[in-house]
Amino acid sequence: ECLSESSVFVQSPNCNLRYGWDPATVCKIPPGCHLNIFNNQEFATLLARTVNAGYREVFKLTHMCTIRLSFVKGWGQEYRRPRVTSTPCWVEIHIVGALQWLDSVLSEMGSLPPGSSTT
């Protein structure tokens, strides 16, 4: 919930997936409004579905664990500021529990074949 007197702007791949939006979508949250920006159950379901696709696909889920938030000013396609770093005040949030979970799953899956890359 936005308890500020000004809007906050959020980019959450987890939330964007829930609503079928582009992963880069930035949502404006006006004062008094709320948005669930990360849902552990949805992430768990996605992770369980992705494990069968292999190591690389599971590794790609790390981007789902990063949320960008700016205060007062937005960024992205709808704004003149192309990146969150172009806004006057912003934070990047890493969902540590989900990242640790991914690390555990990836460790259980083993490593990539020699000469492979996760990028």
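In the predicted model, strand E3 and strand E4 (residues 90-94) pair in the antiparallel sense over five bridges. Within this pairing, Thr 66 stands opposite His 94 in E4. Strand E3 (residues 66-71) is also joined to strand E1 (residues 8-11), and the two run antiparallel with four bridges between them. Here Val 8 has Phe 71 in E3 as its bridge partner. In general, strands of a sheet pair through backbone hydrogen bonds, in either a parallel or an antiparallel arrangement.

These pairings belong to an open sheet of four strands, ordered E2-E1-E3-E4 and paired antiparallel. Strand E2 (27-29) and E4 are the edge strands, each of which pairs on one side only. From one strand to the next, the twist averages 25 degrees.

The chain as a whole contains four helices and four strands, which follow the pattern β-α-β-α-α-β-β-α when read along the sequence. Along its principal axes, the C-alpha trace of the chain spans about 50 × 30 × 25 Å. Of the 119 residues in the chain, 34% are buried.

The loop between E3 and E4 contains Pro 88. This residue has a relative accessible area of 68% and is therefore exposed, the cut-off for that class being over 50%. A distance of 14 Å separates the C-alpha atoms of Pro 88 and Gly 76, which are 12 residues apart along the chain.

Gly 76 also takes part in the lining of the largest pocket, which has a volume of about 230 Å³. Fourteen residues line this pocket, and those closest to its centre are Ala 24, Thr 25, Val 26, Gly 76 and Gln 77. By residue class, the lining of the largest pocket comprises six nonpolar, four polar and four charged residues.

Aromatic contacts were examined next. A pair of aromatic rings is described by the distance between the centres and the angle between the planes. With ring centres required to lie within 6.5 Å, the count comes to four aromatic pairs. One of them is formed by Phe 38 and Phe 43, whose ring centres are 5.7 Å apart.

Phe 43 has a relative accessibility of 0% and so counts as buried, for which the value must be under 20%. Trp 101, by contrast, has a relative accessible area of 36% and is therefore partly exposed, its value lying between the limits of 20% and 50%. Together, Phe 38, Phe 43 and Trp 101 form one aromatic cluster.

Technical notes: Residues numbered from 1 in each chain as written. Predicted model: local features only at pLDDT ≥ 70, side-chain atom pairs only at ≥ 80, totals over all residues. Heavy atoms only, no water. 1 Å grid on protein atoms, 1.4 Å probe; cavity = no way out; pocket = protein on both sides within 12 Å on 5 of 7 lines; lining within 4 Å. Points joined across faces, edges and corners; volume = space filled by probe spheres on them. Nonpolar A, V, L, I, M, F, W, Y, C, P; charged D, E, K, R; others polar. Phe/Tyr/Trp six-rings, centres within 6.5 Å; stacked < 30°, edge-to-face > 60°. Buried < 20%, exposed > 50% of the residue type's maximum accessible area, 1.4 Å probe, protein only. Pairing = 2+ DSSP bridges. Axes fitted to C-alpha atoms, helices over the stretch in contact; angles between N-to-C directions.
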